[in-house]
Amino acid sequence: LRGDGIVVLGVEKRSVPKLQDERTVRKIHKLDDHVCMAFAGLTADARILVNMARVECQSYRLTVEDPVSMSYIARHIASVKQHFTQRPGLRPFGLSTLIVGFDYDGSAHLFQTDPSGTYHEWKANAIGRSGKTVREFLEKHYTDEIAASDEACIKLTVRALLEVVQSGGKNIELAVMRKGQALEILDIKTVEKLVEETEKERDAEAEAKKKAAGKS
């Protein structure tokens with residue numbers, strides 16, 4: 001989700017085996033100081049694509065002596081994917097991505113790429129198994145007023161995820177990047193607190209609607 005001065009990535013964390021280190025299971029990756037990416041699909045393919053994108057970010061910085069622009073890195077990732085759809089002996093990358101960050105002028109951006117190599121810029125979007133449900137929720141609730149508030153952007157992301165995630169905060173991972181600041185992965189206590197607040201607000205809204213319907 002893209003706000004005026006913030007970008008928020010939220011992903012559903014799958015449960016991991018008891019003896020597995022959950023730090024090795026990541027769906028949010030930092031590409032550069034001002035760019036990060038989330039994916040849905042094959043983790044092994046994502047690892048290769050992330051490495052390619054990181055190399056391109058540093059190559060751009062060395063060549064141009066400026067941080068990579070959001071449109072450039074989104075187009076590069078989409079081009080790599082498209083290349084793998086038309087070469088013999090290669091198979092397409094099995095993942096979709098959401099790329100978020102800030103350009104040097106401070107403007108926030110959110111790009112989505114799919115396995116075919118197409119890419120588009122969005123205000124808010126979702127990918128993956130339940131992406132359609134989350135996207136429809138965002139279409140109903142995303143407004144310019146919410147985009148103007150950092151806290152509202154984070155809460156809307158949490159609320160959208162709760163439409164498809166049943167286990168609450170322990171299965172949600174949130175990453176936040178603000179203008180001029182580094183990527184921040186919110187800890188589990190902060191996420192659980194946000195989930196609790198969001199659920200209370202949702203229940204209060206539902207109760208208010210019931211009362212209004214009863215009066216009418």
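The questions and answers below concern the sheet and the helix packing of a predicted model.

User: In what order do the strands of the open sheet lie?
Analyst: The open sheet is formed by 5 strands, and their pairing is antiparallel. Strand 2 (28-32) and strand 6 (119-121) each pair on one side only, as edge strands. From one strand to the next the twist averages 25°. The order is 2-3-4-5-6.

User: Which residue in strand 3 stands opposite His29?
Analyst: Strand 2 and strand 3 (residues 35-41) run antiparallel and are joined by 4 bridges. The residue of strand 3 opposite His29 is Met37.

User: Which strands does helix 2 touch, and what angle does its direction make with that of strand 4?
Analyst: Helix 2 (residues 70-83) packs on the sheet. It touches strand 2, strand 3, strand 4, strand 5 (108-113) and strand 6. With the direction of strand 4, that of helix 2 makes about 165°.

User: Are helix 5 and helix 6 roughly parallel or roughly perpendicular to each other?
Analyst: Helix 5 (residues 150-161) packs against helix 6 (residues 188-215) at about 80°, and their axes are 10 Å apart. Angles of 65 to 115 degrees count as roughly perpendicular. The two helices are therefore roughly perpendicular.

User: How many residues of the contact of helix 5 with helix 6 are charged?
Analyst: Helix 5 contributes Ile154, Lys155, Val158 and Arg159. Helix 6 contributes residues including Leu194, Glu197 and Arg202. The contact has 4 nonpolar residues and 1 polar residue, and the number charged is 6.

How values were computed:
Residues numbered from 1 in each chain as written. Predicted model: local features only at pLDDT ≥ 70, side-chain atom pairs only at ≥ 80, totals over all residues. Heavy atoms only, no water. Pairing = 2+ DSSP bridges. Axes fitted to C-alpha atoms, helices over the stretch in contact; angles between N-to-C directions. Contact = heavy atoms within 4.5 Å. Parallel < 35°, antiparallel > 145°, perpendicular 65-115°, else oblique. Nonpolar A, V, L, I, M, F, W, Y, C, P; charged D, E, K, R; others polar.
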